[in-house]
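Good morning, and thank you for coming. I would ask you to look at the sequence and the structure together while I speak.

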Amino acid sequence: MPEGPELYMSAQFINQTCRNNLFSGQIVKSLVSRQPDIDWNEETYTISAVTRGKELKLTLQSIPNDQKENKKCAKKQNKTLDIVFQFGMSGKFDFYEANELQKHAHLNFFTKTENNKSVQMVLSFVDYRRFGKWQPNGNWSVERGPCVLTDYIPFRENILKNVELSVFRKPICEVLLNQKYFNGIGNYLRAEICYRAGILPFQDARSVLEPLLTETNEVKIKSEKPDILQLCHLLPNEVINLGGTGYDPENRDPDYSKFTEWLQCYYKPGMKNMADHNKRTMWYDGNPGPLKPSVEKVRKIKRKKKASEEVEKTVLKKPKVEKIEDDSKAEVTGKSKRTRKTASGPITRKNVTEEENLKKSKKKSSAKAKNEDLEKSSLEAAGKRRATRRKQSKTSVSDTNISSTPKQKMAGNTVRRTRRGKRS
């Protein structure tokens with residue numbers, strides 16, 4: 001996300017490119033953008049830019065045709081329009097030829113061509129993620145405090161006067177993102193400020209800032225060991241002095257390596273990260289502090305692999321076939337290197353896959369055979385059990401017949417005789 005230094009460098013870029021260019025015509029907005037239209041259609045006008053924290057103000061000033069004749073009335077006739085921009089997650093300004101507009105160019109200002117001699121150029125507000133905003137006839141936001149870059153002394157006084165407020169009872173890493181007091185500080189700057197100041201990120205902000213109240217009368221911009229508020233001013237200036245575009249996660253800047261080398265904590269290997277209470281990732285080293293979230297959520301960061309690493313991996317994946325040594329070398333050394341072979345030939349991707357398929361089929365066939373054997377053995381055991389049961393049942397019947405005594409037979413005969421006597 002563009003922070004104070006990135007917007008400041010964007011204003012520098014606009015002023016440098018628009019210094020020797022005049023603009024003309026309507027301001028063209030993309031069909032996709034939901035931001036307000038800008039009612040402006042001047043024949044000739046200029047563009048300039050200033051910043052305040054995380055806001056950029058673009059000023060359009062018309063130039064009337066009769067300015068040379070009526071120099072005294074020229075200032076009164078000039079028409080001006082201020083447009084306040086917030087860059088969101090990926091906003092930036094670009095200046096290029098107007099033959100074909102960029103895909104994500106959402107607001108476009110066209111240069112004036114004289115008799116078709118010069119190539120028409122366009123200044124575009126480019127925003128890949130479309131979180132950026134603009135407001136015509138706008139002014140600086142009231143909810144934002146003094147800028148850490150351009151208004152250092154008011155910025156410092158604004159914080160130290162309000163240290164007793166409940167806002168400063170939160171962790172210092174979360175207070176650093178409050179634009180009402182730290183206008184221009186963002187995620188990477190807060191990580192670098194806490195790390196270089198040696199402050200625990202989840203420490204009470206009031207306990208960090210209260211010792212600075214003794215220096216309200218004599219504010220020092222430079223010292224041997226800068227405090228946290230001085231770092232809020234010094235580190236953004238260091239980013240500006242690096243050149244380039246500053247923080248650029250899309251890697252659009254060819255000199256982005258300077259910025260990554262300047263970083264000491266943010267997104268650096270060996271550093272820890274944790275989501276704060278607002279679900280923003282905070283980078284730090286060592287102990288996070290007493291006010292850390294009860295549930296520690298560590299973000300898994302996907303780092304982009306270098307092209308050299310990818311080439312090395314592809315080289316390692318290629319199959320290597322060792323050559324067979326000559327018989328003369330084998331006789332001298334007593335060892336002979338042989339090519340590793342599969343069942344279907346030397347090692348290649350096809351042969352390896354074929355061999356794996358063969359192994360799988362063998363395993364399947366062996367498993368089937370085992371299952372069939374188990375079924376046969378179980379059937380045989382069941383048959384044997386049935387046969388033993390039949391034998392046991394026959395022997396029991398014969399035993400009962402044998403066990404009948406002569407007394408039982410006599411009893412049966414007497415019963416029959418009594419039945420016959422009754423019938424007669």
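This is a predicted model: local features need pLDDT of at least 70, side-chain atom pairs count only at pLDDT 80 or more; totals for chains, interfaces and linings use all residues.

Residues are numbered from 1 along each chain as its sequence is written, and side-chain values use heavy atoms, with hydrogens and water left out.

Let us begin with the sheet. Helices (H or I, at least four residues) and strands (E, at least two) are DSSP runs, numbered from the N terminus. Two strands pair if DSSP finds at least two bridges between them. Here five strands make an open, antiparallel sheet in the order E1-E3-E4-E5-E9. E1 (23-26) and E9 (133-136) are the edge strands; each has a single partner strand, so one side of each lacks a neighbour in the sheet. Strand E5 (residues 80-86) is joined to E9 by four bridges, and within E9 it is Gln-135 that partners Val-84. Helix H1 (residues 4-18) packs on this sheet and touches E1, E3 (41-52) and E4 (55-62); contact means heavy atoms within 4.5 Å.

I turn now to Asp-94, which lies in strand E6 (residues 91-97). Is Asp-94 buried or exposed? Asp-94 is buried, yet has no salt bridge. Buried means under 20% relative accessible area, exposed over 50%, and partly exposed in between, with a 1.4 Å probe and protein chains only. A salt bridge requires a side-chain nitrogen of Lys or Arg within 4 Å of a carboxyl oxygen of Asp or Glu.

Between Arg-196 and Glu-192, the closest N and O atoms are 3.1 Å apart. These two residues are four apart in helix H5 (residues 187-197), which means about one helical turn separates them. Glu-192 is buried at a relative accessible area of 0%, whereas Arg-196 is partly exposed at 25%. Arg-196 also meets Glu-238 in a salt bridge of 3.6 Å, N to O. That pair links distant parts of the chain, since Glu-238 belongs to helix H7 (residues 228-242) and lies 42 residues from Arg-196.

In the whole structure, a search finds eight salt bridges.

Notes:
Axes are lines fitted to C-alpha atoms, for helices over the stretch in contact, and angles run from 0 to 180 degrees between N-to-C directions. Lys and Arg count as positive and Asp and Glu as negative; His and the chain ends are not counted.
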